[in-house]
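These are my notebook entries on one protein model. I record what I looked up and the cut-offs I used.

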Amino acid sequence: VAQNYLRRALALQPAWHEMARAVPVLAPYLLLAARVGELVQRGFGPYSSKRFRHADETERVIDVARLVDVPVQAVNTYVSIGFADWAWLEAERPRFEVLLASSADAEASGRIVANTVFHLMAAARYPAPGLTLPGAVEALGLAGISTRLPHAYFTVPKLWAVHLPLDLGPPVITLTQIVPIADGELALLQRVGVAEFEQRLAAARLDVADLERRPLLGAAG
């Protein structure tokens, strides 16, 4: 309720934004994370969330929402809430939240999303489709997953029937999907390029939500 009243007031008097930011009790309502939470619920449905804290910089946190049986039964969606507050040097660039489809353990899946966001922040890497973060999943030391699918690949989130961007802003808020990939898949991507790699993923009908899957057939060859 307080957030709605604040928004209405600021819509009438945009010049009050900076004054509101300086008021500790009002500042949290101005973060994009609050807006993202509403957008996620509107686009995907009710969710539970968990807060993850950076291992070394404990003041840095990210919330990860969990949506059960989304986009399909037995697959859950994990989406960061708060990464959109990370501002890029190019002010006009859209802000992102990170999605993961997973049928694996909830704790592991949430950690993959949170750790990926922390990696993006630390490296100042813009998560446009086609970006890879080698070793991002491996660094977590998750039994099985970190060895089998150690790298993070970003792609357009086609699994979800959600209209993008989530918000036209300003700033624009949109989504990017993380797909954990194997060593051979990373080598294939580097060899053939993003377009061909995406075509092979589609042709193989790879279940990217299965974090226990076998690597893409022919990835090592």
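I count a contact when heavy atoms lie within 4.5 Å. With that cut-off, residues 24 or more positions apart account for 55% of the protein's contacts with a separation of 6 or more.

**Entry 1: basis.** I note that this is a predicted model, in which local features need pLDDT of at least 70, side-chain atom pairs count only at pLDDT 80 or more, and totals for chains, interfaces and linings use all residues. Residues are numbered from 1 along each chain as its sequence is written, and side-chain values use heavy atoms, with hydrogens and water left out.

**Entry 2: overall layout.** I took helices (H or I, at least four residues) and strands (E, at least two) as DSSP runs, numbered from the N terminus. The protein has seven helices and seven strands, and their order along the sequence is α-α-α-β-β-β-β-α-β-α-β-β-α-α. I call a residue buried under 20% relative accessible area, exposed over 50% and partly exposed in between (1.4 Å probe, protein chains only). Of the 221 residues, 45% are buried. The exposed surface comes to about 11,600 Å², of which carbon and sulfur atoms supply 55%; these areas come from the Shrake-Rupley method with a 1.4 Å probe, and for residues only the protein chains shown count as cover.

**Entry 3: helix α3.** I looked up α3, residues 32–44, whose 13 residues reach 18 Å from first C-alpha to last, close to the 18 Å expected at 1.5 Å a residue. The expected span is 1.5 Å times one less than the number of residues. Its buried residues are Leu32, Val36, Gly37, Leu39, Val40 and Phe44. An α-helix has 3.6 residues a turn, so residues three or four places apart point the same way. The cover over the buried residues of α3 includes β2 (61–67), β3 (76–81), β4 (95–102) and β7. After α3 comes Gly45, with a positive phi near 115 degrees.

**Entry 4: second largest pocket.** I searched a 1 Å grid over the protein atoms alone, where a pocket is an open set of points that fit a 1.4 Å probe, with protein on both sides within 12 Å along at least five of seven lines; lining residues have an atom within 4 Å of a point. The second largest pocket has a volume of about 320 Å³. It is lined by 18 residues, and those closest to its centre are Lys158, Leu159, Gln177, Leu206 and Val208. β6 (151–155), β7 (173–181) and α7 (194–204) each give two or more residues to the lining, with α7 giving the most, three.

**Entry 5: Gln177.** I then followed one of the central lining residues, Gln177, which sits in strand β7. Is Gln177 buried or exposed? Gln177 is buried, because its relative accessible area is 4%.

Entry 6: Ala136 lies in the loop between β5 (132–133) and α5 (145–148) and counts as buried at 1% relative accessibility. The C-alpha atoms of Ala136 and Pro150 are 6.5 Å apart, at 14 residues' distance along the chain. Gln190, in helix α6 (residues 183–192), is exposed at 60% relative accessibility. From Gln190 to Thr132 I find 9.8 Å, C-alpha to C-alpha, across 58 residues of sequence.

Technical notes:
Grid points are joined across faces, edges and corners, and a volume is the space filled by probe spheres set on the points.
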